[in-house]
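Trainee: I would like to go through the labels used for this model and check each one against its rule. Please give the value first and the conclusion after it.

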Amino acid sequence: MISYRESDFLYSFNSPQTLTFDAHLHRYYEFLLFLKGDAAYMIENCEYRASDGDLFITRPGELHSIAFTSPRQYVRHFIQISESYFPENEFDFLWRLRESGGGKISAQAAKKYDVEDHFNAVKENIAFPRPESRAVIRAHVTLLLDKVNSILLTSLPNRDDLVYSDKVENARKYINENLEKNFSLDKMAGDMHVSKYYLCHLFRGECGMTIKEYQNLRRISRAKELLEKGEKITSIYKECGFSDYSLLYRAFRKTTGKSPKEFLKNKRQDVFNA
């Protein structure tokens, strides 16, 4: 495994032993170059069949996961960068991703633009550091973003075999805009003018989880962001949609496997899931 991390940048190259990556989200832009494996990649309610050489892109807060279809070895590069990676006085190479969203760039398009060359250059400068390596890494990340923007200019990310549903999209929007509120499924379905049972069935079928599970992941994600900003867990539970501190604490530990204190202590050593 080769990895490197700064406050606004993370790179990793490895072949994870586990073939289970549950749905997760984070506050970074992620660029995952799928080198080898048999898998389906899920971004929000969109499922993509992964082929060797595909590039998957997720934006901050987008739920994503990988489901493996065989025990074939899984190998990937990935880079994560924060909104602050490009200073305000520099060109913002993330602007097109904010507009177009994440998704899959096909292996054919990635190869045409030599995307893998930039991942390999970053890997080489991390594995064999030189005095100029940080500047070289930044240059290759910038060139990678420039090529991603060029691809997005000429064509939308590959969306073959996707199932779209306005109702599920509206349900996700409803949840995200009301994270701090304790609303019932009846209230949500009523506001959306749809049957509660139909909505639950549709949501689980497209997202691979229940509405409640999705809502909980979003709330815990918000709690993580607030904790990293220095907020105390005893003062953020209402903003995260919990009626008291103990409920947030239990949900946080169940979802992350860590207490809030352990999460903050280990966050600098953590390498995010693929």
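Trainee: Why is Arg253 called partly exposed?

Mentor: The relative accessible area of Arg253 is 37%. Buried means under 20% relative accessible area, exposed means over 50%, and partly exposed is in between, with a 1.4 Å probe and protein chains only. Arg253 at 37% falls in between, so the label is partly exposed. The model is predicted, so local features need pLDDT of at least 70 and side-chain atom pairs count only at pLDDT 80 or more, while totals for chains, interfaces and linings use all residues. Residues are numbered from 1 along each chain as its sequence is written, and side-chain values use heavy atoms, with hydrogens and water left out.

Trainee: What makes the contact of Glu262 and Arg253 a salt bridge?

Mentor: The N to O distance between the two side chains is 3.7 Å. A salt bridge needs a side-chain nitrogen of Lys or Arg within 4 Å of a carboxyl oxygen of Asp or Glu. The pair of Glu262 and Arg253 meets that rule, so the contact counts. Glu262 is partly exposed as well, at 33%.

Trainee: How many salt bridges does a search of the whole structure find?

Mentor: The search finds 11. One of the linked groups is a network of Asp38, Asp52 and Arg72.

Trainee: How do you know that Lys104 and Asp54 link distant parts of the chain?

Mentor: Their side chains meet in a salt bridge of 3.4 Å, N to O. Lys104 is in strand 10 (residues 103-105), and Asp54 is in the loop between strand 6 (46-50) and strand 7 (55-58), 50 residues apart. Strands here are DSSP runs of E with at least two residues, helices are runs of H or I with at least four, and both are numbered from the N terminus.

Trainee: Are Lys104 and Asp54 buried or exposed?

Mentor: Lys104 has a relative accessible area of 9%, so it is buried. Asp54 is at 2%, so the label is buried there too.

Trainee: Why are strand 1 and strand 10 said to stand at the edges of their sheet?

Mentor: The open sheet has six strands in the order 1-2-9-4-7-10, with antiparallel pairing. Strand 1 (2-6) and strand 10 each have a single partner strand, so one side of each is left without a neighbour in the sheet. Two strands pair if DSSP finds at least two bridges between them.

Trainee: What makes strand 8 mostly covered?

Mentor: Strand 8 (residues 64-68) has four of its five residues buried. Strand 8 pairs with strand 5 (residues 39-43) in the antiparallel sense over five bridges. Tyr41 stands opposite Ile66 there.

Trainee: Which residues line the largest cavity, and what is its volume?

Mentor: The volume is about 50 Å³. The lining consists of Ala23, Met42, Glu44, Leu63, His64, Ser65, Cys207, Met209 and Tyr214. A cavity is a set of points on a 1 Å grid over the protein atoms alone where a 1.4 Å probe fits but cannot get out, and lining residues have an atom within 4 Å of a point. Points are joined across faces, edges and corners, and the volume is the space filled by probe spheres set on them. By this rule there is one cavity of 30 Å³ or more.

Trainee: What is remarked on in the phi of Asp114?

Mentor: Most residues other than glycine have a negative phi. Asp114 has a positive phi of about 55 degrees and is not a glycine. Asp114 sits in the loop between helix 2 (107-112) and helix 3 (115-127). His193 has a positive phi too, near 60 degrees, and lies in the loop between helix 6 and helix 7 (196-207).

Trainee: Why is His193 called exposed?

Mentor: Its relative accessibility is 73%, so His193 counts as exposed. Asp114, at 38%, counts as partly exposed.

Key:
On a 1 Å grid over the protein atoms alone, a cavity is a set of points where a 1.4 Å probe fits but cannot get out, and a pocket is an open set with protein on both sides within 12 Å along at least five of seven lines; lining residues have an atom within 4 Å of a point.
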